[in-house]
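Hi,

Here is the structure I promised to pass on.

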Amino acid sequence: MIWASQLRPEFQQDFERAYCSTGDWAPFFRRDAAYIRTELQQDMDNPLRYLTFDYWESQEAYIAFKKQWQA
């Protein structure tokens, strides 16, 4: 899955900590064996814009994980 985020400057450091490969979301995703990794990329032209890439074994695995943990 790919997520795009446009931040306000005051949230940039917290966002980077939460969404980096070792951030808050990674341990949550690691509950599932089909999760591979997360990458956080900062836009070179706009340092307040980020792309987050979450890698899963398949789209079906991601959908199943999302359904299981939607609450």
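**What I found**

Buried residues account for 30% of the 71 residues in the chain. Keep in mind that this is a predicted model, so every value below is computed from predicted coordinates.

First, the layout. The chain has three helices and three strands, and from the N terminus on they come in the order β-α-α-β-β-α. Along the principal axes, the C-alpha atoms fill a box of roughly 35 × 20 × 20 Å.

Now the aromatics, which take up much of this email. The structure holds 15 aromatic pairs. One of them is F29 with W56: the ring centres are 5.5 Å apart and the planes sit at 65°, so this pair is edge-to-face, the cut-off for that being over 60 degrees. F29 belongs to helix α2 and W56 to strand β3, so the pair ties together parts that are 27 residues apart in sequence. Are these two buried or exposed? F29 has 11% relative accessibility and counts as buried, and W56 is buried with a relative accessible area of 11%; the cut-off for buried is under 20%.

Another pair is F65 with W69, which is tilted, with 6.4 Å from centre to centre and 40° between the planes. Here F65 is buried at 3% relative accessibility, whereas W69 is partly exposed at 35%.

Which residues make up the aromatic cluster? F15, Y19, W25, F28, F29, Y35, Y50, W56, Y62, F65 and W69 form one cluster, so you will find both of the pairs above in that list.

Two arginines also sit over ring faces. R31 lies over the face of W69, 4.4 Å from the ring centre. R37 does likewise over the face of Y55, at 4.0 Å from the ring centre.

In soluble globular proteins, nonpolar side chains tend to be buried together. In this model, the largest nonpolar core has eight residues, namely A26, F29, A34, Y35, W56, A61, Y62 and F65. The elements that give two or more residues to this core are α2 and α3, and α3 gives the most, with three residues.

Rolling a probe the size of a water molecule over the atoms shows where empty space is left. The largest pocket has a volume of about 310 Å³. Of the 15 residues that line it, W3, W25, F29, D54 and Y62 are the closest to its centre. Which elements give two or more residues to the lining? They are β1 (2–6), α1 (12–19), α2 (25–29), β3 (49–56) and α3 (59–68). By class, the lining of the largest pocket has nine nonpolar, four polar and two charged residues.

One last item is A64, which lies in helix α3. At 45% relative accessibility, A64 counts as partly exposed.

Over to you.

Note on methods: Residues numbered from 1 in each chain as written. Predicted model: local features only at pLDDT ≥ 70, side-chain atom pairs only at ≥ 80, totals over all residues. Heavy atoms only, no water. 1 Å grid on protein atoms, 1.4 Å probe; cavity = no way out; pocket = protein on both sides within 12 Å on 5 of 7 lines; lining within 4 Å. Points joined across faces, edges and corners; volume = space filled by probe spheres on them. Helix = DSSP H or I, 4+ residues; strand = E, 2+ residues; numbered from the N terminus. Nonpolar A, V, L, I, M, F, W, Y, C, P; charged D, E, K, R; others polar. Phe/Tyr/Trp six-rings, centres within 6.5 Å; stacked < 30°, edge-to-face > 60°. Buried < 20%, exposed > 50% of the residue type's maximum accessible area, 1.4 Å probe, protein only. Lys NZ or Arg CZ within 6 Å of the ring centre and 35° of its normal. Core = buried A, V, L, I, M, F, W, Y, C linked by side-chain atoms within 4.5 Å.
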